[in-house]
Amino acid sequence: MAKVADIVNAMSVITGGRTVSSMEEVKRGDHPFVILKSSGIYGKEVLEIPGLIYGDPNKEVKKIAVCMTMTELVIELAGATGVDAVVAHHPIADAASCGGVTLKNYLDLYDVAGLECHEAFHGLHPGIPYLHGHKVLKGSISYGGVHGNIMFVGRALPGIATLGDILDRLDGFMALDQDHALLAEERLVRGIEEIRETSVETRGFIHLGERDSRVENVLHIFPHTGFSPENLRQAVDENPDVDTVLASISRVYAGHELIETARELGLNFLVGNCHVMEILENGLPLAHALDELLEGVEVVLFRDRVTSTPVRRVGNEAMQAYAREMASSHLLGKHALSET
C-alpha cells in the first residue's frame, strides 16, 4: 500500500530532487526552491515549500487528486470523493487555500494530506512551448535575475508558419470545442444567454500582426511573473532573429507597455493560453507522472470551471428571493458600529 511519503518521493523523482524532504530542510533557509513570495502587501506573503505541506507521511493513500490551486472547493471535492492527498501546483496557505479558515482544521476534518510543487516543477518539460507551436532552443526560469521570471526562445515547429497556425493548434489541443458546447448547454439549461466562461472568453488572440503573419523565431514570455519592457528589449537584443512575442499563462491587454515595446521593435505579439489552461499544460503531465510512479494508486485531475452570470439571474426565484431578503433586511446600512 502506498503512503504519503511515497508521493513525496515520487515528486522528488519528477522534479529531479527539487523538493524538500522535511521541514527541517525548509527552516535551514538555503533551499533554492523554498521561496518567499511577496509583493509588499502587508501580511499577504506566502512561503513556497515544494513537497509535503501538511499530513502524516505514513498515511496510506489509495487516491490522489492533482489540482492547480487548492481552495475550499478542492478540499470539499476531495472529502466527498475519497481523495487521500491533494497535490497542488500552486503554493498552499492558511485561509487562502481553505475557505478563510485554518488549513489544519479543514484538512484534518476530511483526513486529506496537502502537497505542492510550483517553481520546483517549472521548466521540467517543454510542453507549454510545444502546445504553442515552437521548440525551445534556450530559456530561463529567473530571467533578469528575478526568480520565477520565465522566458523561452524557440523556433516554430514544422507546420507552424503563421500566427493563425498557432491559434488553431491551441484550439485543437485544448479541446475548446468541448468548452463551447458545454457553455451552450449551460446557457440552454439555465435559460441565461449572458453566462460567460473562462476557457471560452480567454482563448488566444493577436495584438500585433494578422492571422497570416509569418512566424519563425518566438520569444515566449509570462507577463504575470514580472517580465518587463526592459526584459523584452534585452531578450531581443540577445536574440535578434526573434520575430514574434508570445505571452501565455497570463496575458496583457490593449495599451500595455509590453505591446508598445514590441510594436517599437517591429515584432508580432500573440496571446496564447491563459492561466485556466495550466491544469492541462502542467497539471495533466504531473498527474500522468504520479500515475506511473505510484502503483495501485488512483490519480484524478481536479479542473476548475468559473462562470460569470448577471447577479439578478443567478439560481431560481427562491434563491433570488432569499438574496433580496438578506440584503434588504440585514446588509443595506443595517449594521452600525457597535460600542465596545
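**Exercise 1.** Which residue just after α3 takes a positive phi?

Solution. The residue is Gly82, with a phi of about 75°. The model is predicted, so local features need pLDDT of at least 70, side-chain atom pairs count only at pLDDT 80 or more, and totals for chains, interfaces and linings use all residues. Residues are numbered from 1 along each chain as its sequence is written, and side-chain values use heavy atoms, with hydrogens and water left out. Helices (H or I, at least four residues) and strands (E, at least two) are DSSP runs, numbered from the N terminus.

**Exercise 2.** Find the buried side of α3 and what packs against it.

Solution. Step 1: in α3, residues 72-80, Val74, Ile75 and Ala78 are buried (under 20% relative accessible area; exposed is over 50%, partly exposed in between; 1.4 Å probe, protein chains only). Step 2: these residues are on the same side of α3 because they cover an arc of only 95° around the axis, taken from the directions from the helix axis to the C-beta atoms. Step 3: Leu73 and Ala80 are exposed on the face turned away from that side. Step 4: the buried residues pack against β4 (63-67), β5 (85-88) and α4 (103-110), contact being heavy atoms within 4.5 Å.
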